[in-house]
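Thank you all for making the time this morning. Let me put the structure up on the screen before I say anything about it, and then we can walk through it together.

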Amino acid sequence: MDSAFSLVAVTVIGLLFTASVLHKLFNFSAFTESVRGYRLFGSGLTQPVAGLLVLLELMVVFALVQADTREVGAILAILLLLLYAGGIGINLLRGRTSLHCGCSWGNGQQLIKPGQVLRNISLAVVAGIILLPGNGRELLWLDWVSVIATTVIFAFAYLAAERLTSFSVNLR
Amino acid sequence: MSDLTVAISFVLLWLVVVVMALVIWVLARQIGVLHERIAPAGALSLRNGLSIGDAAPQVTVEMVSGSQRTIGAANPSGRSTLLFFFSPTCPVCKELLPIIKHSSQSEQDWIDVVLAGDGDPAEHQKILQSAQMQAFPLTLSAALGIAYHVGKLPYAALIDEQGLLQSAGLVNSREHIESLYEAKEMGVKDLQTYLSHNAAERR
């Protein structure tokens, strides 16, 4: 994989997890409630599991920053994204569609939807790009323009998509 | 074309795409703002078979306090009933409970609030305790939810003193709850009716 693509994957996943971990830390009690809502663990485990998830997300961010720990960060990110996809999937199968997903920082009232499972799997695929062997090409300044622009566009597109999907829930 | 020209056009193209992404995001936010400011007349009706203006479904339920109460029956004392359906697992419901409490105080001369849920009484009471609403009448009845076609929570229904359904629908905010009262005062059934009426007037 070309170095520029790998770097885009690192910045996109890094940015996503940074925003996610900040949101969870600032609204830890709401996040704990969301974890409780998923009903995947005993209620005594809710707080430790929520704390562990925040810690793991923080580890993803720090691991992605360092070049030599980047692969560990990517694997952890993939596992977390698939875990969240699984949690949402299980609850959708249980028919609990009025559950708050706890996965967005734009709108506090997002309910779980099949699209979120797909979104998490797609993000896991993006994180998978980091694991592909790089071609070691030296990046030019134009590559840096592309990397920064792609990351900014991803951020805007993600926020817009989140905002737009939140109304479809309110209006249904 | 020189390398410099290619590089400049490349950077400019990226800039254009970034600006377009920004514009799309701002537009999406604007649509959200419009949704939040939408006309306050009746909660969003879910087209669920309940007919506004007709007699509300009468269901006799057992209250958590042990007494029996017939929801939907005419009230000889001339007071209306606000039926609020909630669940301990729904975060929006938790946000709305203090609003329900506040509005029951401000509208206390004509409204009785009845809280309704389904499931574990202890969980429901814990939520009410945290909102300091233990004194509110609570019933846990699946039959009541089915009778009022509650599909999504939080859901509210306003029943007038004659037992007629004045408005019912999904409520997500203070504006939605207040719109239930407004709907009664203005005689508008629900949000869709209000909007289509306005659109007809403009034509």
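This is a predicted model: local features need pLDDT of at least 70, side-chain atom pairs count only at pLDDT 80 or more; totals for chains, interfaces and linings use all residues.

Arg39(A) sits in the loop that links helix 2 and helix 3 of chain A, and its phi is positive, at about 50°, although the residue is not a glycine.

Let me widen the view to chain A as a whole. Its secondary structure comes to 6 helices and 0 strands, so read from the N terminus the elements go α-α-α-α-α-α. Chain A has 172 residues, of which 31% are buried. If we take the contacts in chain A between residues at least 6 apart in sequence, 71% of them join residues that are at least 24 apart.

In general, two packed helices are described by the angle between their axes and the distance between the axes. For helix 1 of chain A, residues 3–26, and helix 3 of chain A, residues 46–65, the axes come within 9 Å and cross at roughly 145°, and the crossing is left-handed. On the helix 1 side, the residues making the contact include Val10(A), Ile13(A), Gly14(A) and Phe17(A), while helix 3 of chain A contributes, among others, Val54(A), Glu57(A), Leu58(A) and Val61(A). Sorted by class, this contact has 10 nonpolar, 3 polar and 2 charged residues.

Now to the place where the two chains meet. Here 21 residues of chain A are in contact with 22 residues of chain B. On the chain A side, the elements that give two or more residues are helix 2, spanning 28–38, and helix 6, spanning 141–171, and helix 6 of chain A gives the most, with 14 residues. That side of chain A divides into 13 nonpolar, 6 polar and 2 charged residues.

Turning to chain B, we find 6 helices and 7 strands, and from the N terminus on the elements run α-β-β-β-α-β-α-β-α-β-β-α-α. Of its 203 residues, 33% count as buried, and residues 24 or more positions apart account for 71% of the chain B contacts with a separation of 6 or more.

Which strands make up the sheet in chain B, and in what order? It is an open sheet of 5 strands in the order 5-4-3-6-7, with mixed pairing. Strand 5, at 138–140, and strand 7 of chain B are the edge strands, each pairing on one side only, and neighbouring strands are turned by 20° against each other on average, with direction ignored. Strand 3 and strand 4 of chain B run parallel and are joined by 6 bridges, with Ser80(B) standing opposite Ile111(B) in strand 4. Strand 6 and strand 7 of chain B, by contrast, run antiparallel and are joined by 5 bridges, and here Ile159(B) stands opposite Leu165(B) in strand 7.

Why do I describe strand 3 of chain B as largely enclosed by the rest of the structure? The reason is that 6 of its 6 residues are buried. Ser80(B), Leu82(B) and Phe84(B) point one way from the strand, whereas Thr81(B), Leu83(B) and Phe85(B) point the other way, and all are buried.

To return to Phe84(B), and leaving aside residues up to four places away in sequence, it touches Ile100(B), Val113(B), Leu115(B), Ala116(B), Pro154(B) and Ala156(B).

I will stop there and take questions.

Definitions and conventions. Residues are numbered from 1 along each chain as its sequence is written. Chains are lettered from A and ligands numbered from 1 in the order in which they are written. Two residues are in contact if their C-beta atoms, placed from the backbone, lie within 7 Å. Helices (H or I, at least four residues) and strands (E, at least two) are DSSP runs, numbered from the N terminus. Ala, Val, Leu, Ile, Met, Phe, Trp, Tyr, Cys and Pro count as nonpolar, Asp, Glu, Lys and Arg as charged, and the others, Gly among them, as polar. Axes are lines fitted to C-alpha atoms, for helices over the stretch in contact, and angles run from 0 to 180 degrees between N-to-C directions. A crossing is left-handed if the near helix is turned anticlockwise from the far one by less than a right angle, and right-handed if clockwise. Two strands pair if DSSP finds at least two bridges between them. A residue is buried if 20 or more other C-beta atoms lie within 10 Å of its own, exposed if 12 or fewer, and partly exposed in between; C-beta atoms are placed from the backbone.
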